[in-house]
Each structure stands twice: as C-alpha cells, then as structure tokens.
Amino acid sequence: MDEDSSNSLSLPEFIKALEDYRIFISPEQQSTIFRLFDQDGNGEINYEEFISGVVGSMNKRRECVVQAAFQKLDLDKSGTLQIDEIKSAYNAKAHPEVINLKKSEDDALYEFLDSFDQHLINSKGNLKDRSVSLREFMDYYNCVSCSIDSDYDFEQSVAMTWGLI
C-alpha cells in the first residue's frame, strides 16, 4: 500500500489501496475521503491520521474516566506526566519480559511511555520525550477504547491499570 515507504499514503497510493480492496467509488468521493483523513492538510495520510479517522472519538463517559486517571497520576499538577509520576503507578515488574529477564524494568517502562507518543496525532516524528501530555494520554486511550465494547469494561480497565479502584 505504502509503495514509496514514506510511512504515509499519498492520494495515488490511497486510490490504489481503495481499488486493491475493491472499493470502487468516484474520483470526487476518493478525493473527499482522502481530505477527511488528511487532517493536517499536507497531502498525505499518516498512520495517526488514519487511525483517528477510523476510530472516531470516545464518548463523554469514557473521556471522564481517562481524565480522572490522568489527574490522579499528575502529582505535581503540571499538566504533563513525567516518568517518576508514571513509575509511581505503573508496575514494570509485572511485565512478562521483565519477569523472563529479557528486559529491565526501566526498558519496559520506556517502551510503555513510547506507546503514548505513537498515538499522538501530528506528533514530532519519532521523537520520544519520555513524558505524557493530557492529549497524548487521551489519544492513546481513544485507540484502546475502540477495542472495548462496554463502557463498564473500559472504565474497569482504566481504573485497574491506574489504581482508581
């Protein structure tokens, strides 16, 4: 699909992908859909834009749970979670690769932190800043949310992960 290996889709690559998946729509419809996914208007659809376009947004109930978790973790009330704040709530010792001595606790923690950067729309490329903004936290959980049908199950998952219950 990404024929030039740019980690994004140009309009011609997008059109070819539609045709490959046997989605036959008019050129106007192709362009309209492409523009909807291309949120930053740079003429390409990156992974984050695609996921955001497909996933949509969490409902208000789920947003409130995620915001509550963030506020609990943000001990210094700076609006950004630093590694020590996350480390206080995230138990890397329970990570399977730490248990099997394939990773250190710090490596598992950094990998976990990097997962928040991967879900940020319009992120700074591959730069990992080892901190998590509210926006990154919300974007991460927006992607998690799409795989959990029940609001109750989603709330329980977030609450258990961050010790809200």
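**Salt bridges, cores and helix ends in a predicted model**

Glu111 is partly exposed, with a relative accessible area of 39%; on this scale buried means under 20%, exposed over 50%, and partly exposed in between (1.4 Å probe, protein chains only). Glu111 also forms a salt bridge with Lys103, the closest N and O atoms being 2.1 Å apart. A salt bridge here is a side-chain nitrogen of Lys or Arg within 4 Å of a carboxyl oxygen of Asp or Glu. The model is a predicted one, in which local features need pLDDT of at least 70 and side-chain atom pairs count only at pLDDT 80 or more, while totals for chains, interfaces and linings use all residues. Residues are numbered from 1 along each chain as its sequence is written, and side-chain values use heavy atoms, with hydrogens and water left out.

A look at the whole chain comes next. The protein chain holds 9 helices and 4 strands, counted as DSSP runs numbered from the N terminus (helices: H or I, at least four residues; strands: E, at least two). Read from the N terminus, the order of these elements is β-α-α-β-α-α-β-α-α-α-β-α-α. The C-alpha trace spans about 50 × 35 × 30 Å along its principal axes. Of the 165 residues in the protein chain, 35% are buried. Among contacts (heavy atoms within 4.5 Å) with a separation of 6 or more, 47% join residues 24 or more positions apart. The protein chain exposes about 10,000 Å², and carbon and sulfur atoms supply 52% of this area; accessible areas come from the Shrake-Rupley method with a 1.4 Å probe, and for residues only the protein chains shown count as cover.

What lies inside? In soluble globular proteins, nonpolar side chains tend to be buried together. The largest nonpolar core of this model has 25 residues, and Ile86, Phe137, Tyr141 and Trp162 touch the most other members. Such a core is a set of buried Ala, Val, Leu, Ile, Met, Phe, Trp, Tyr and Cys residues joined through side-chain atoms within 4.5 Å. At least two residues of this core come from each of helix 4 (60–73), helix 7 (105–118), helix 8 (134–145) and helix 9 (151–162). Leaving aside residues up to four places away in sequence, Phe137 touches Val66, Ala69, Phe70, Leu73, Leu81, Phe116, Val132 and Trp162. A second, separate core has 6 residues, among them Leu9, Phe14, Leu18 and Phe37.

At its start, a side-chain oxygen of Asn46 comes to within 2.8 Å of the backbone nitrogen of Glu49. Helix 3 covers residues 47–55, and its buried residues are Glu48, Glu49 and Ile51. Seen down the axis of helix 3, these buried residues fall within an arc of 165 degrees, so they line one face of the helix; the arc is that of the directions from the helix axis to the C-beta atoms. After helix 3 comes Gly56, with a positive phi near 80 degrees.

Side chains of opposite charge can pair when their charged atoms come close. The model has 10 salt bridges. In one of them, Arg61 pairs with Glu155, the closest N and O atoms being 2.3 Å apart. Arg61 lies in helix 4 and Glu155 in helix 9, so the pair ties together parts that are 94 residues apart in sequence. Arg61 is partly exposed, at 45% relative accessible area, whereas Glu155, at 16%, is buried. Both residues belong to a network of salt bridges that links Arg61, Arg62, Asp151 and Glu155. In another pair, Lys16 forms a salt bridge with Glu3, the closest N and O atoms being 3.7 Å apart. Lys16 sits in helix 1 (residues 11–20) and Glu3 in the segment before strand 1 (8–10), so parts 13 residues apart in sequence are tied together. Lys16 is partly exposed, with a relative accessible area of 35%, and Glu3 is exposed at 55%.

Most residues other than glycine have a negative phi, and most peptide bonds are trans. Ser5 is not a glycine, yet its phi is positive, at about 55 degrees. Ser5 lies in the segment before strand 1 and counts as exposed, at 59% relative accessibility. Lys77 likewise has a positive phi, near 55 degrees. Lys77 is found in the loop between helix 4 and strand 3 (80–81) and is exposed, with a relative accessible area of 60%.

How values were computed:
A polar contact is a pair of N or O atoms within 3.5 Å; within protein, one must be able to donate a hydrogen and the other to accept it, and residues adjacent in sequence count only if both atoms are side-chain atoms.
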